[in-house]
Amino acid sequence: MKRVAIITSSDSGYKKEREDLSGPVIKEIMETNGFTVVSMDLLPDDQQMLSEKMSQISDGHQADLIVTTGGTGFSPRDCMPEATLAVTERIVPGIPEAMRAYSMQFTKRAMLSRATAGIRKDTLIVNLPGSPKAVRECLEYIISELEHGIEILTQETSNCAR
């Protein structure tokens, strides 16, 4: 069974001023697709805290996949892509490119997403937008390919051919 850790980046959520609606959407989609959710963290928009949490999960082999939500926009506090890139060893540009291209069908504002993806050790890290609607659209679009990528990363399979 594939394991996923979910990290929400939100200053207002961390301060309990706003409910996290996107993390539960990720949890629902991941469980529906056979993943085991090993953790759900709600952290402030703080690059060091976010990077440390991703490193802890990856280095401790706690999850095969880390899915983040929030912190990918233009706000001065948005830092999820920077936190992710600070800890990844290899980038995976195709995942956020595909999400942006798909999301452009619904809103041209998708081009403003700074989401990224990368690999640390044997853990794939993927940034999703902060809105529950965009989370659902993006994650449902990429989920089957994420599963295959994780199978390759964890050496469950060794062939990308269909």
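Where H2 meets H6, the H2 side supplies Ser22, Val25, Ile26, Glu28, Ile29 and Met30, and the H6 side supplies Pro132, Val135, Arg136, Leu139, Glu140 and Ile143. Sorted by class, this H2–H6 contact comes out as eight nonpolar residues, one polar and three charged. All of this is read from a predicted model. H2 covers residues 22–32, and its axis sits 9 Å from that of H6, at an angle of about 25°. Angles under 35 degrees count as roughly parallel, so H2 is roughly parallel to H6. The crossing of H2 past H6 is right-handed.

H6 (residues 132–153) also packs with helix H5, which spans residues 94–103. Here the two axes come within 10 Å and cross at roughly 140°. An angle over 145 would be needed for roughly antiparallel, and H5 and H6 are therefore oblique to each other. H5, too, passes H6 in a right-handed crossing. On the H5 side the contact uses Ile95, Ala98, Met99, Tyr102 and Ser103, while H6 brings in Glu137, Cys138, Tyr141, Ile142 and Leu146. By class, that makes eight nonpolar residues, one polar and one charged.

Next come the aromatic rings. The model has two aromatic pairs. One of them joins Tyr102 and Phe106: the ring centres are 5.2 Å apart and the planes stand at 75°, so this pair is edge-to-face. The other brings Tyr102 together with Tyr141, and this pair is stacked, with 4.0 Å from centre to centre and 10° between the planes. Taken together, the ring pairs link Tyr102, Phe106 and Tyr141 into a cluster.

Finally, a look at backbone angles picks out two residues. Lys121 is not a glycine, yet its phi is positive, at about 55°. This lysine, Lys121, is found in the loop between strand S5 (117–120) and strand S6 (123–128). With 40% relative accessibility, Lys121 counts as partly exposed. Gln155 is not a glycine either, and its phi is also positive, at about 65°. Gln155 lies in the segment after H6. At 70% relative accessibility, Gln155 counts as exposed, the cut-off for that class being over 50%.

Key
Residues are numbered from 1 along each chain as its sequence is written. This is a predicted model: local features need pLDDT of at least 70, side-chain atom pairs count only at pLDDT 80 or more; totals for chains, interfaces and linings use all residues. Side-chain values use heavy atoms; hydrogens and water are left out. Axes are lines fitted to C-alpha atoms, for helices over the stretch in contact, and angles run from 0 to 180 degrees between N-to-C directions. Helices (H or I, at least four residues) and strands (E, at least two) are DSSP runs, numbered from the N terminus. Angles under 35 degrees count as roughly parallel, over 145 as roughly antiparallel, 65 to 115 as roughly perpendicular and the rest as oblique. A crossing is left-handed if the near helix is turned anticlockwise from the far one by less than a right angle, and right-handed if clockwise. Contact means heavy atoms within 4.5 Å. Ala, Val, Leu, Ile, Met, Phe, Trp, Tyr, Cys and Pro count as nonpolar, Asp, Glu, Lys and Arg as charged, and the others, Gly among them, as polar. Rings of Phe, Tyr and Trp (its six-membered ring) pair if their centres lie within 6.5 Å; planes under 30 degrees apart count as stacked, over 60 as edge-to-face and the rest as tilted. Buried means under 20% relative accessible area, exposed over 50%, partly exposed in between (1.4 Å probe, protein chains only).
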